[in-house]
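Please read it alongside the structure below.

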Amino acid sequence: MVEFGFKLSPSSRINLDLRDKASFSKLVEIEPDALKCMACGSCTASCSAGIFEETSLRSALLGLQNGDKEKALKLLSHCMFCGKCTMVCPRGINTRHLILSINKIYQVR
Ligand code: SF4
Ligand code: SF4
């Protein structure tokens, strides 16, 4: 039987006890727009890669603020840099550039 509908994701709210300010500040230094995100989820809802693999800039940013770099990188690992999320972001964030910076800063080489 084909399954329809939506699944509820676990909460991604920022946990102030886990908040990793130092690590997130590294991103904000080169991408101040990271602070503009209001976690609306438009980028995630319109993501081209999201049809095939779990991809979410919204959750990645929340993950980074919680100090979870691995989760953030995993959620962006299938990004194709198509730029669709940049077009829909209500805060005018250059999300594609932001994703590139996240990969650059946090990627373990
Ligand atoms: S640039 Fe990446 S995150 Fe944004 S819509 Fe395209 S695939 Fe999704
Ligand atoms: S669309 Fe923009 S403001 Fe909304 S969650 Fe994505 S990056 Fe944040």
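The expected span of a helix is 1.5 Å times one less than its number of residues. Helices (H or I, at least four residues) and strands (E, at least two) are DSSP runs, numbered from the N terminus. The model is predicted: local features need pLDDT of at least 70, side-chain atom pairs count only at pLDDT 80 or more, and totals for chains, interfaces and linings use all residues. Residues are numbered from 1 along each chain as its sequence is written, while chains are lettered from A and ligands numbered from 1 in the order in which they are written.

**Helix α6**

- Helix α6 covers residues 95-106; its 12 residues, at 1.5 Å each, should span 16 Å, and the end C-alpha atoms are 16 Å apart, which agrees.
- Its buried residues are Thr95, Leu98, Ile99 and Ile102, where buried means that 20 or more other C-beta atoms lie within 10 Å of the residue's own, exposed means 12 or fewer, and partly exposed is in between, with C-beta atoms placed from the backbone.
- Viewed down the axis of α6, these buried residues fall within an arc of 100 degrees, so they line one face of the helix; the arc is that of the directions from the helix axis to the C-beta atoms.
- An α-helix has 3.6 residues a turn, so residues three or four places apart point the same way.
- The packing partners of the buried α6 residues are α1 (21-30), α2 (42-46), α3 (57-65), α4 (69-76) and α5 (84-88), with contact taken as C-beta atoms, placed from the backbone, within 7 Å.

**Overall fold**

- The protein has six helices and zero strands, in the order α-α-α-α-α-α along the sequence.
- A compact globule of 109 residues would have a radius of gyration near 13 Å, and the protein has 14 Å, which agrees; the radius is taken over C-alpha atoms, and the globule rule is 2.2 Å times the number of residues to the power 0.38.
- Along the principal axes, the C-alpha atoms fill a box of roughly 50 × 30 × 30 Å.
- Of the 109 residues, 28% are buried.
- Among contacts between residues at least 6 apart in sequence, 65% join residues at least 24 apart.

**Ligand shells**

- Ligand 1 has 16 residues around it, and Cys47, Cys79, Cys82, Lys84 and Cys85 come nearest; a residue is near a molecule if its C-beta atom, placed from the backbone, lies within 6 Å of it.
- α5 and α6 each supply at least two residues of the ligand 1 shell, and the largest share, three residues, comes from α6.
- The ligand 1 shell has 10 nonpolar, four polar and two charged residues; Ala, Val, Leu, Ile, Met, Phe, Trp, Tyr, Cys and Pro count as nonpolar, Asp, Glu, Lys and Arg as charged, and the others, Gly among them, as polar.
- Ligand 2 is surrounded by 14 residues, the closest being Cys37, Cys40, Ser42, Cys43 and Cys89.
- α2 and α3 each supply at least two residues of the ligand 2 shell, which by class has nine nonpolar, three polar and two charged residues.

**Loop residues**

- Cys37 lies in the loop between α1 and α2 and counts as partly exposed, with 18 C-beta neighbours inside 10 Å.
- Cys37 and Cys89 are 52 residues apart in sequence and 8.7 Å apart in space, C-alpha to C-alpha.
- Ala39, in the loop between α1 and α2, has a positive phi near 55 degrees.
- Phe81, in the loop between α4 and α5, also has a positive phi near 55 degrees.

Definitions and conventions:
Two residues are in contact if their C-beta atoms, placed from the backbone, lie within 7 Å.
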